[in-house]
Structures are given as structure tokens and as C-alpha cells.
Amino acid sequence: MISIIPAIDLIDGRCVRLTRGDYSQKKVYDGNPADLARSYADCGVKRIHLVDLDGARAGAPHNLKTLEQIAKAVSCELEWGGGIKDDAALQAVFSAGASHAIVGSVAALQPDVFAEWLGRYGERMILGADVRDGFVAVKGWLEVAPVGIDELISHFLPAGLKECIVTEISRDGMLQGPAAALYVRLQRDFPGLGITVSGGISSMADIRMLDALHLGKVIVGKAIYENHITLEDIKTWSQSASSPASM
């Protein structure tokens with residue numbers, strides 16, 4: 001079964017969601033991020049997706065204290081993206097409690113650096129490929145790099161890339177369903193790579209559809225905040241995914 005990875009996006013230590021990556025279309029949600037992470041962990045999820053939106057825009061991590069609080073609150077894996085631009089930032093993110101680091105802008109703009117990180121940290125490194133009109137967006141989705149998603153993935157496979165989160169920006173925060181055909185094609189073309197679906201998830205029906213397509217992981221954010229997918233839904237799905245009958 002496909003694994004649900006709940007998302008927590010952060011600005012100034014608070015939970016937020018953007019629409020199509022637009023910082024001007026920001027919605028702030030009540031609740032402490034560590035408490036929210038604990039509620040997800042209690043549902044049995046294996047990993048939580050954390051995005052430092054301040055860091056993505058500024059080019060350096062800004063919410064590491066929040067990461068530390070979350071890491072103390074839960075024992076599941078934490079994947080962290082936003083502002084990881086150099087060795088110091090990467091080390092700071094790992095030291096604060098992230099099990100995995102998501103790197104997008106550096107991978108697209110400084111591929112040699114990301115390749116070196118892959119060699120050093122292996123499966124702890126995740127390629128973050130945020131796609132707009134077929135090209136990869138960088139710097140907090142504020143700019144577009146002259147590289148396509150297939151070219152980007154192909155470049156890092158020889159360096160040991162094992163996992164890639166692909167976000168279809170036009171779907172992100174829209175609750176209009178994922179770009180399923182994109183993920184099916186990528187999984188077909190790169191069968192040895194773990195592809196995580198991101199963007200557009202609106203309901204458990206979307207989750208079931210992606211599961212039927214044999215995709216491995218899906219990030220869910222706004223659908224949870226807006227109660228289209230409940231914690232009970234996540235708990236039921238996660239328990240089913242971990243039971244021997246689902247294997």
C-alpha cells in the first residue's frame with residue numbers, strides 16, 4: 001500500500017499552507033507544529049514531511065528550533081526541506097533532528113554539490129523536484145531553472161540517488177487531485193527510484209487511486225488541514241499498510 005506522509009509547512013514557527021507556491025496566498029493554521037507532528041505519529045505514519053518556507057525563500061534554514069521540538073516529540077522519520085544550500089546548513093538540519101534532507105535548488109543549480117552529498121550521506125539525501133510547466137522551480141519556487149525533471153533525475157542516478165519527491169506546483173494547495181499520469185510515467189521510466197507524489201491531494205479517493213497505480217509514497221498537506229482527510233483516515237490507512245494482510 002502507498003504510504004501517507006503528512007506535511008507540515010512552516011513560516012515563523014507556525015503551520016501554514018501556500019497555494020501554488022505563492023507566498024502571497026498564505027493561510028496560517030492554529031496549532032503547535034510539535035503537537036501536530038505528535039498527532040500524525042500517533043496515527044502510525046512512518047515519516048513526516050517538513051518544509052521551512054522561510055528558509056526556502058532566504059536561502060538558509062530558519063525554523064531549526066521548531067525541527068528540534070518536533071524531533072523530541074516523535075520517533076518517526078522526519079524529512080526536511082528549505083534553505084539547505086551548503087554543508088553548514090545540511091549539518092545543522094541533521095543535527096536538529098532530521099533523518100532525511102530534501103534538496104532542490106542546489107541539485108538543479110549546483111549539481112556537483114548535491115552529487116557529493118549523495119556520495120557522503122547516501123539514502124539520507126532526497127532530491128526535491130518541484131515542477132512548473134515541465135521545468136524545475138528553485139529558490140522557494142520563485143524562479144525556474146533551465147532543466148527538466150527527467151534530465152535532473154537522470155543526472156543523479158549514477159551518483160546513487162534513491163528517492164525523489166516530485167511536486168506539481170500547479171496542483172499544490174489546490175485540492176484538485178494529483179497529476180497521476182506524471183508520476184506513473186516517472187515510475188515507469190525510473191523503476192529503481194522511489195517517487196513520492198506531492199501536490200493536489202484532495203481526498204482518500206485520490207490516495208486509493210494512487211495506490212491502485214502502485215505508487216509508493218504520497219505527501220498530504222492541505223487536505224488534512226481542511227478536514228478533507230482526517231486523522232482517523234490516516235490511522236486506518238497506516239494500520240492497514242503495516243498489517244501482514246496488506247503485504
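Residues are numbered from 1 along each chain as its sequence is written, and side-chain values use heavy atoms, with hydrogens and water left out. Because the model is predicted, local features need pLDDT of at least 70 and side-chain atom pairs count only at pLDDT 80 or more, while totals for chains, interfaces and linings use all residues.

**A residue in a loop**

Let us start with N63, which sits in the loop between α2 (53–58) and α3 (64–73); helices (H or I, at least four residues) and strands (E, at least two) are DSSP runs, numbered from the N terminus. Is N63 buried or exposed? With a relative accessible area of 4%, N63 is buried (buried means under 20%, exposed over 50%, partly exposed in between, with a 1.4 Å probe and protein chains only). Its side chain makes a polar contact of 2.7 Å with the side chain of D52 and another of 3.1 Å with that of D54. A polar contact is a pair of N or O atoms within 3.5 Å; within protein, one must be able to donate a hydrogen and the other to accept it, and residues adjacent in sequence count only if both atoms are side-chain atoms. Leaving aside residues up to four places away in sequence, N63 touches several others, including L10, G13 and W80 (contact means heavy atoms within 4.5 Å).

**Two helices meet**

Two packed helices are described by the angle between their axes and the distance between the axes. For α4 (residues 87–96) and α6 (residues 111–121), the angle is about 40° and the axes are 12 Å apart; axes are lines fitted to C-alpha atoms, for helices over the stretch in contact, and angles run from 0 to 180 degrees between N-to-C directions. Here D87, L90, Q91 and F94 of α4 meet W117, R120 and Y121 of α6.

**Salt bridges**

How many salt bridges does the whole structure hold? The search finds 11, each a side-chain nitrogen of Lys or Arg within 4 Å of a carboxyl oxygen of Asp or Glu. Among them are these:

| Pair | Closest N to O |
|---|---|
| K27 and E226 | 2.9 Å |
| E163 and K217 | 3.0 Å |

E163, in strand β10 (residues 163–168), and K217, in strand β12 (residues 217–220), tie together parts 54 residues apart in sequence. E163 is buried at 9% relative accessibility, whereas K217 is partly exposed at 25%.
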